[in-house]
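Take a walk through this chain, from its overall make-up down to single side-chain pairs. Keep the 3D view open while you read.

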Amino acid sequence: MNHRQKKANTQTFGKLLIFRRMIDFPFSRIVIIFAFFAVVCSGPRQAGDTGKGMAWIGTWTTAPQLVEPYNKPPEPGLSGNTLRQVVHVSLGGERLRVKFSNQYGSSPVTMRSVHVAVSKGGGAIDTDTDMALQFDGLPAVTMPPGTGAVSDPISFFLKPGSDVAITVYFGETSPDVTGHPGSRTTSFLLPGNEVSAADFTGSVETDHWYIITGIDVIAPEKAAAVVVLGNSITDGRGSGTNKQNRWPDELARRLRKNPAINHVAVLNQGIGGNCVLRDCLGPAALTRFERDVIEQPGARWLIILEGINDIGQAGGEASSSAVAAALIAAYGQMIDRAHEAGLCVYGATLLPFGGSFYDSPSHETARKTVNDWIRESGRL
């Protein structure tokens, strides 16, 4: 597909994706659009081609950030102890690799042993599926500050839409922790080395993720991923803890039910409290765009639903107007970069905030200015 054809498709269908209040969101509309795009929007793969008709595709991801002091790991802490974390994947597969990050750490993080297993709920695992990961053939790995690690691929039967437990026995860790506070999923911490424990009875529980950032699977070439870039609405605000019912989770379920598009993964790159233009909670969307969107294996589509925190934190009328103009320019930058990388872009209008602490006439005018551009500019 040439650039002109791709631009025409994104202009036509990007305008259709207008988000309403999440309780009324018409997921059937997205499924119909994806059924079309699965055929016409087939730009170059983003990473990890393996040959023989198979490729690496992201099946689960979360956007890392510097964890705030009040969201750090509870006592007894990570160093010398074992943390079991549960994640909900979208695509399945028979080979996987797991990603970890110490991007925001101030000192090295050592993982002495890492296991993956099928979760049985809570802190329990199916021990028949428990497997150790290696890193360049070794069971342990140390991540210097500002770096990450990717496990060696392993054979592992991963069921689509299933819950996976990642259990890490840590050595020394950094006082500045890389993680994702808005997990909406419970993690379990035990003292010492309990990496193969069948359950984590007596563990300390915390509803945050630490160090883990993604799981990729080997999938047929037709498989691909839609990345969702957003703030708390995408991250899961209003969803239930351990319910795995964030709106990207629900989108993934709908896609899996349609045989024409059940090969499409959904990668949630939402950060609660995030902004587009500047660092709020987590790095600005513009800053993290390359890492969280372009570098995702198999990325082929992008949904952008972000900007409400920029508007809500603006001052008076002049500041709100300036933020609206800056958001439009930022969206343009992201659209151009996504198109260069072969991704089709969906623009999502900013949701109403009447009655909230963001509500003001100048903020509402800015929101409408941005939404009018999303609907009418033809840039998507």
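What follows moves from the whole chain to strands, helices, a loop and a few side-chain pairs.

The model is predicted. The chain has eight helices and 21 strands. Of its 380 residues, 57% are buried. Now take the contacts with a sequence separation of 6 or more. Residues 24 or more positions apart account for 81% of them.

Start with strand 17, residues 212–220. Is this strand enclosed or open to the outside? Eight of its nine residues are buried, so the strand is largely enclosed by the rest of the structure. Two other strands pair with strand 17. Strand 2, residues 54–61, runs antiparallel to strand 17 and is joined to it by seven bridges. Within that pairing, Ala55 has Ala219 of strand 17 as its bridge partner. Strand 5, residues 93–101, is also antiparallel to strand 17, with five bridges between them. Strands in a sheet pair through backbone hydrogen bonds, and the pairing may be parallel or antiparallel.

Arg97 deserves a stop. It stands opposite Asp216 in strand 17. Arg97 also lies over the face of Trp56, 4.1 Å from the ring centre. Strand 13, residues 178–180, pairs with strand 16 over two bridges, in the antiparallel sense. In that pairing Gly179 has Tyr210 of strand 16 as its bridge partner.

Move along to a loop. Ala198 sits between strand 14 (187–191) and strand 15 (204–206). Its relative accessibility is 38%, which means that it counts as partly exposed. What does Ala198 touch, leaving aside its neighbours within four places in sequence? Its contacts are Arg84, Gly123, Ala124, Ile125 and Thr127.

Now for the covalent link. How many disulfides does a search of the whole structure find? It finds one. The bond joins Cys275 to Cys280, with an S to S distance of 2.0 Å. The link of Cys275 and Cys280 is left-handed, with -90° about the S-S bond. Cys275 has a relative accessible area of 0%, so it is buried. Cys280 has 24%, so it is partly exposed. A disulfide is a covalent bond between the sulfur atoms of two cysteines.

Helix 7 covers residues 317–340. Its 24 residues reach 35 Å from first C-alpha to last, close to the 34 Å expected at 1.5 Å a residue. Among its buried residues are Val323, Leu327, Tyr331, Met334, Ile335 and His339. Just after the helix comes Gly342, with a positive phi of about 90°.

Helix 8 covers residues 361–376. Does its span agree or disagree with what 16 residues should give? At 1.5 Å a residue they should span 22 Å, and the end C-alpha atoms are 22 Å apart, so the two agree. The buried residues of helix 8 are Ser362, His363, Ala366, Arg367, Val370, Asn371, Trp373 and Ile374. What do these buried residues pack against? Their partners are helix 6 (308–312), helix 7 and strand 21 (344–347). Gly378 follows helix 8, and its phi is positive, near 75°.

Arg367 brings in the aromatic rings. It is one of the buried residues of helix 8. Its charged end sits over the ring of Phe353, 6.0 Å from the centre. As for ring against ring, the count comes to four aromatic pairs. One of them is formed by Phe357 and Tyr358, and it is edge-to-face. Their ring centres are 4.9 Å apart, with 75° between the planes. Tyr358 has 12%, so it counts as buried.

Methods: Residues are numbered from 1 along each chain as its sequence is written. This is a predicted model: local features need pLDDT of at least 70, side-chain atom pairs count only at pLDDT 80 or more; totals for chains, interfaces and linings use all residues. Side-chain values use heavy atoms; hydrogens and water are left out. A disulfide is a pair of cysteine sulfur atoms within 2.5 Å. Buried means under 20% relative accessible area, exposed over 50%, partly exposed in between (1.4 Å probe, protein chains only). Two strands pair if DSSP finds at least two bridges between them. Helices (H or I, at least four residues) and strands (E, at least two) are DSSP runs, numbered from the N terminus. The expected span of a helix is 1.5 Å times one less than its number of residues. Rings of Phe, Tyr and Trp (its six-membered ring) pair if their centres lie within 6.5 Å; planes under 30 degrees apart count as stacked, over 60 as edge-to-face and the rest as tilted. A charge sits over a ring if NZ of Lys or CZ of Arg is within 6 Å of the ring centre and within 35 degrees of the ring normal. Contact means heavy atoms within 4.5 Å.
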